2 protein chains.
Amino acid sequence: MATMQEIFKGFEERQAKLVEDGLKNPLAHGAALIDGQITPLLDAKIPILDQGFLHSDLTYDVPAVWDGKLFRFNDHLDRLEKSCAKLRLKPPMSRNEIEQATINLISKSGIRDAYVQIIVTRGFRFIREPLPTNDTPENHPIYILVMPYIWVMPYQMQPAGGEAVVTRTVRRIPPGAIDPTVKNLQWGDLIRGLLEAQDRGSQYPFLTDGDGNITEGAGYNIVFVKDGALYTAKKGVLEGITRKSVFDIAKKAKIEVYLDDVSASLAYVCDEIFMCTTAGGIMPITKLDGESKGEVGPITKLIWDGYWAMHYDSKYTTKISYE
Amino acid sequence: MATMQEIFKGFEERQAKLVEDGLKNPLAHGAALIDGQITPLLDAKIPILDQGFLHSDLTYDVPAVWDGKLFRFNDHLDRLEKSCAKLRLKPPMSRNEIEQATINLISKSGIRDAYVQIIVTRGFRFIREPLPTNDTPENHPIYILVMPYIWVMPYQMQPAGGEAVVTRTVRRIPPGAIDPTVKNLQWGDLIRGLLEAQDRGSQYPFLTDGDGNITEGAGYNIVFVKDGALYTAKKGVLEGITRKSVFDIAKKAKIEVYLDDVSASLAYVCDEIFMCTTAGGIMPITKLDGESKGEVGPITKLIWDGYWAMHYDSKYTTKISYE
């Protein structure tokens, strides 16, 4: 993890600049695009009658901006499109318009390391109600939010790694109930997991599928390393784009990846554990259920380095022109 | 169902009056209390950063007003209190204040048959973030909405009954993932059920638990009648207050109630089926998976009559003084 300190140092310098900018630009603390209007994020409001609130009837995606460049933006837009199709939602803008509106919002905010949410909701019509009789195609609301980069695991914690538990009091929602490949905000099980982790003096819950297999956690995929190979759940989880980067790095490094059912018992006998998400990258776990798993291991380090290196590879990035 | 036409006629007369009132009182179309401010419902907004939206981290309850009187209001407040406790949410008002604020809002709206939502959300702090260091107790936002009475099954359809399907493409979220006794708005599975019902030319989905047992539908409990007894799911469902009224009526009428696992196969061999919810009462199902179940049966009629009679029993009602 030779590059770790360098990556974090660059981030800290840009953060200091962002705090300065915030004195001049109210959007530097976060910005929202709602109904064509750009506002500071803290002032942004939605109608309480939106079905995105009233029945969590929505999907969303989370691209991130790192050092002034969107990372794998096309992959996020692809997934958003698929999610919308599965839920029969139709955003009011074309893919190109969403792309441009997002880039414009990031640019106006001046935020060079950003967490971006693009949310499409059902809008005012509850799914039980019949379609309007005039048969005009429905357009569903879109909300775009840009805020300073979020770390699911604080970067200061990453060199030593964080603490996880395999939850005992809650299981993951099965895909037969809610399809986890459609990115959603129905976090009831994940919130119970977070509370259990906190109650047990830990931080990161790993939820099982109720049949002894590991699924995912509160906003992150989970990867085990055993005898030099990676193991991660195929079913019952979000098809993470950060995880996709992990697969790309593994392929290049000739590391075997098993995308399959992953027994929870592997957590206790594997050599390394890391979590991955757009909001934080590759996040090493070095303590499980209160027991040490040793220091951050060599494969995790290799993946970590590879992941952040990709952020400086123009193949994966879209440069923002700031105003 | 001798009383049915009478009940509906009274409702229609009050509806006509409500439409007239709407010309004078903008709250007659619906009213919201948010942050101490009363607004017309259509204008009511919440911060997009509310965790009730961003992670559906909330609970709620739905009392109804019928003919100027709240029905079983205490039961709804009891359940709301329990739900908040389970989610570790603390409303910013006492129970008595919530009661008074709700009654005041209904009174100001002038709506004599109302659907009421009392929603408590996590507010701005995501559950992963540590509590503020000043250690002051957190108060979570409360939103109270009043709108004209909602019929999950239109009253015009109730004499003939509606059409249901046992869903094939989706199962109910198991209680080990999200606790259904905590009333929630994470409707991903129920929305899939509604879409499947519509795709199959039907209306009301019945979801199983994935192990061959019937659970509940999109906002209603399900009751089967077989050989003069009632069968309804004990686990994996909301503990409905309308269903509680069904139990009360059954007890008085010496009808046996089996609160237990209920096999989905019973749906096909039972004598009568009805659904129950605060938003529509007792809702007969007379067609299942495209096959007729015959006319609305005698037990359903008895329960239907008993349910609406309770709305005129002062033991269960709280009279509103309209302004």
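How many residues does α6(A) have, and how far does this helix reach from its first C-alpha to its last? The helix has 12 residues and reaches 17 Å, close to the 16 Å expected at 1.5 Å a residue. The expected span is 1.5 Å times one less than the number of residues. Helices (H or I, at least four residues) and strands (E, at least two) are DSSP runs, numbered from the N terminus.

The model is predicted: local features need pLDDT of at least 70, side-chain atom pairs count only at pLDDT 80 or more, and totals for chains, interfaces and linings use all residues. Residues are numbered from 1 along each chain as its sequence is written, chains are lettered from A and ligands numbered from 1 in the order in which they are written, and side-chain values use heavy atoms, with hydrogens and water left out.

Helix α6 of chain A spans residues 241–252. Its buried residues (under 20% relative accessible area; exposed is over 50%, partly exposed in between; 1.4 Å probe, protein chains only) are A:Ile241, A:Thr242, A:Arg243, A:Ser245, A:Val246, A:Ile249 and A:Ala250. A:Lys254 follows α6(A) and has a positive phi, near 60°.

α6(A) packs against α8(A) (residues 298–310) at an angle of about 110°, and the axes are 9 Å apart. Axes are lines fitted to C-alpha atoms, for helices over the stretch in contact, and angles run from 0 to 180 degrees between N-to-C directions. The two helices are therefore roughly perpendicular to each other. That term covers 65 to 115 degrees; angles under 35 count as roughly parallel, over 145 as roughly antiparallel, and the rest as oblique. In this contact (heavy atoms within 4.5 Å), A:Thr242, A:Ser245, A:Val246, A:Asp248 and A:Ile249 of α6(A) meet A:Leu302, A:Ile303, A:Gly306, A:Tyr307 and A:Met310 of α8(A). The contact residues comprise 6 nonpolar, 3 polar and 1 charged. Ala, Val, Leu, Ile, Met, Phe, Trp, Tyr, Cys and Pro count as nonpolar, Asp, Glu, Lys and Arg as charged, and the others, Gly among them, as polar.

In chain B, α6(B) and α8(B) pack at about 110°, with axes 9 Å apart. These helices are therefore roughly perpendicular. B:Thr242 and B:Asp248 are among the α6(B) residues in the contact, and B:Tyr307 is one of those from α8(B).

B:Thr277 lies in strand β14 (residues 272–277) of chain B. At 12% relative accessibility, B:Thr277 is buried. Beyond residues up to four places away in sequence, B:Thr277 touches B:Val152, B:Gly219, B:Tyr220, B:Thr242, B:Met283 and B:Tyr307.

Helix α4 (residues 95–109) of chain A has 15 residues and reaches 21 Å, close to the 21 Å expected. Among its buried residues are A:Ala101 and A:Leu105. A:Gly110 follows α4(A), with a positive phi near 75°. Both A:Ala101 and A:Leu105 are in contact with A:Leu33, as are A:Ile38, A:Met93, A:Ile142, A:Tyr143 and A:Ile144, leaving aside neighbours within four places in sequence. A:Leu33 sits in strand β1 (residues 31–34) of chain A. Its relative accessible area is 12%, so A:Leu33 is buried.

Several loop residues were also examined. Most residues other than glycine have a negative phi. The phi of A:Ser56 is positive, near 45°. A:Ser56 lies in the loop between α2 (51–54) and β4 (58–61) of chain A, and is buried at 2% relative accessible area. B:Arg72 has a positive phi, near 50°. The place of B:Arg72 is the loop between β6 (69–71) and α3 (73–87) of chain B. B:Arg72 is buried, at 7% relative accessibility. B:Pro180 falls in the loop between β9 (162–166) and α5 (188–199) of chain B. B:Pro180 is buried, at 5% relative accessible area. Apart from neighbours within four places in sequence, its contacts are B:Arg172, B:Pro175, B:Glu216, B:Gly236, B:Val237 and B:Leu238.
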